[in-house]
Amino acid sequence: MRTPPRRAVAHATAGPADQPERLHPRSKASEVAGAIKALVLAGERDAARDRFAELVACQQRRAVRIAYQYLRDAHDADEAVQDAFVKVFTHITTYREELPFEVWFTRILVNGCLDMRKSRARRLRWVLPASSNTDAPPIEPVAPQASPEERLVASERAKEIAAAVEQLPDRQRAVFTLCHVAEHSTAEVSQALGLSEATVRVHLFRAVRKLRKLLGGEREQKAKL
Amino acid sequence: MSDHVSDDHLIHDVAATMKAEADACFPDERLSRQQAKILQRIEQEGRPGRVIAFPAGHAAAPALRTAPVARWIAAAAAVAFLIGLLAGQRLPHEFQRPNARIATAASTATAGTTLRASAPLPSDDEFLGEVEAAADSRPAVLQHLDALTPRAWEVEVGQ
């Protein structure tokens, strides 16, 4: 039933550190989560806590990427990820081992991010919005060894891409983030977001089409110049 | 076919940029700190709530415990007080209180005034002089207080 994600090229070109954990038949995270659940049920809470550090380490990077794309603020993302992990540990006994841990965790994290966005929106009604996000350092997706020209071009391109992603509707951006940044399959995203798989695919298709329009159009204009 | 390839390139570019953006905000040191915080919070979650002892000052007062000697002293004081009261009632009238003598003198003066009632009525000055004379017979302690009190005629003159 698992739908192969449309990210073959992205994975082929990504470095070994970016390789996602394969969820079939059972991911390492799911195994560790099952073991933690068994330890908690057996009353060995200290041992469960020690094992939980392992789970945090293998899911943390993915979690902060998701949270940051939802919240666009490093402090909020940090808090949301912490809250999500604490919730996972607190409710580990309700984890259903037949499901991938990543889906369960992503769902908790996404719900936490949405709650935080709501509370932030309420808070911002009473304060002036900050002019810019000073927390984020300049994006440098290229290797630091690149020449200054290459770095400048890459930086400009990164800004264009970030602006294009900002223009995506929330749902499309969420689906795109979970599929291509968190590297979940469409089936997993549908479970995590509570949408049908067809709906996820439609959102993903629309997101890519819009990005192509926004970024491809600029590229064509530059080519004409 | 070329559209698919360009889409894949586009997706790769966008995903890489988004990852780089998040990773730039979360370097490894920050992730380590975050992990430490998570584990710390989990440790605190497991602990039972800390019970703070109720302040000692508000504790229930201890039962009054007195030594037998203290009880004997209290009983003796009470008996002495009663004896004093009874003895005071049996003593002669003159020894009761010094104020009693004042009251007697005042009643004598009043009686004198009454005797002269048949005579023509004294003027106000005379009457007040008599009152003052009666007041002079008060104990020395009260005379200071009396000196501070304004006279009726002085008040009238002042007006």
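**Entry 1: a buried glutamate**

I started with A:E183, which counts as buried because 22 other C-beta atoms sit within 10 Å of its own. Here, buried means 20 or more other C-beta atoms within 10 Å, exposed means 12 or fewer, and partly exposed is in between, with C-beta atoms placed from the backbone. I found A:E183 in the loop between α7 and α8 (186-193) of chain A. Its phi is positive, about 60°, although A:E183 is not a glycine. I noted the background too: most residues other than glycine have a negative phi.

**Entry 2: ground rules**

This is a predicted model, where local features need pLDDT of at least 70 and side-chain atom pairs count only at pLDDT 80 or more, while totals for chains, interfaces and linings use all residues. Residues are numbered from 1 along each chain as its sequence is written, and chains are lettered from A and ligands numbered from 1 in the order in which they are written.

I also wrote down that pLDDT is the predictor's confidence in each residue, from 0 to 100. For chain A the mean pLDDT is 78, and 76% of the residues reach 70 or more. Where in chain A is confidence lowest? That would be α1(A), at a mean of 34, while α4(A) is highest at 93. Over residues 1-23 of chain A, pLDDT stays under 50, and the model has 29 contacts there beyond four places in sequence. A contact means that the C-beta atoms of two residues, placed from the backbone, lie within 7 Å.

I looked up the elements next. Chain A has nine helices and zero strands, and chain B has seven helices and zero strands. Helices (H or I, at least four residues) and strands (E, at least two) are DSSP runs, numbered from the N terminus. Buried residues make up 35% of the 225 residues in chain A, and 9% of the 159 residues in chain B. Of the chain A contacts between residues at least 6 apart in sequence, 63% join residues at least 24 apart.

**Entry 3: where the chains touch**

I checked the interface: 41 residues of chain A are in contact with 29 residues of chain B. Which element of chain A gives the most to this side? It is α3(A), with twelve residues. By class, the chain A side has 25 nonpolar, seven polar and nine charged residues. For the classes, Ala, Val, Leu, Ile, Met, Phe, Trp, Tyr, Cys and Pro count as nonpolar, Asp, Glu, Lys and Arg as charged, and the others, Gly among them, as polar.

**Entry 4: a bent helix**

I went back to α3(A), residues 45-71. A straight helix of 27 residues would span 39 Å at 1.5 Å a residue, but α3(A) spans only 32 Å between its end C-alpha atoms. The expected span is 1.5 Å times one less than the number of residues. I found a kink of about 50° in α3(A), centred on A:Q59. The bend at a residue is the angle between axes fitted to the seven residues ending there and the seven starting there.

Just after α3(A) comes A:R72, with a positive phi of about 55°. A:R72 lies in the loop between α3 and α4 of chain A. With 18 C-beta neighbours inside 10 Å, A:R72 counts as partly exposed.

α6(A) reaches 27 Å from first C-alpha to last over its 19 residues, close to the 27 Å expected. I listed A:A158, A:I161, A:A164 and A:V165 as buried in α6(A). Why do I say they line one face? Seen down the axis of α6(A), the buried residues fall within an arc of 125°, so they line one face of the helix. The arc is that of the directions from the helix axis to the C-beta atoms. On the face turned away from the buried side I found exposed residues, including A:E149, A:L152 and A:E156.

α7(A) is mostly covered, with ten of its twelve residues buried. Among them are A:F176, A:L178 and A:C179. α7(A) is followed by A:E183, where I began.

Last, I looked at A:A84 in helix α4 of chain A. A:A84 counts as buried, with 23 C-beta neighbours inside 10 Å. Leaving out residues up to four places away in sequence, A:A84 touches A:A63, A:F105, A:I108, A:L109 and A:G112. The C-alpha atoms of A:A84 and A:C113 are separated by 9.1 Å, and the two residues are 29 residues apart along the chain.
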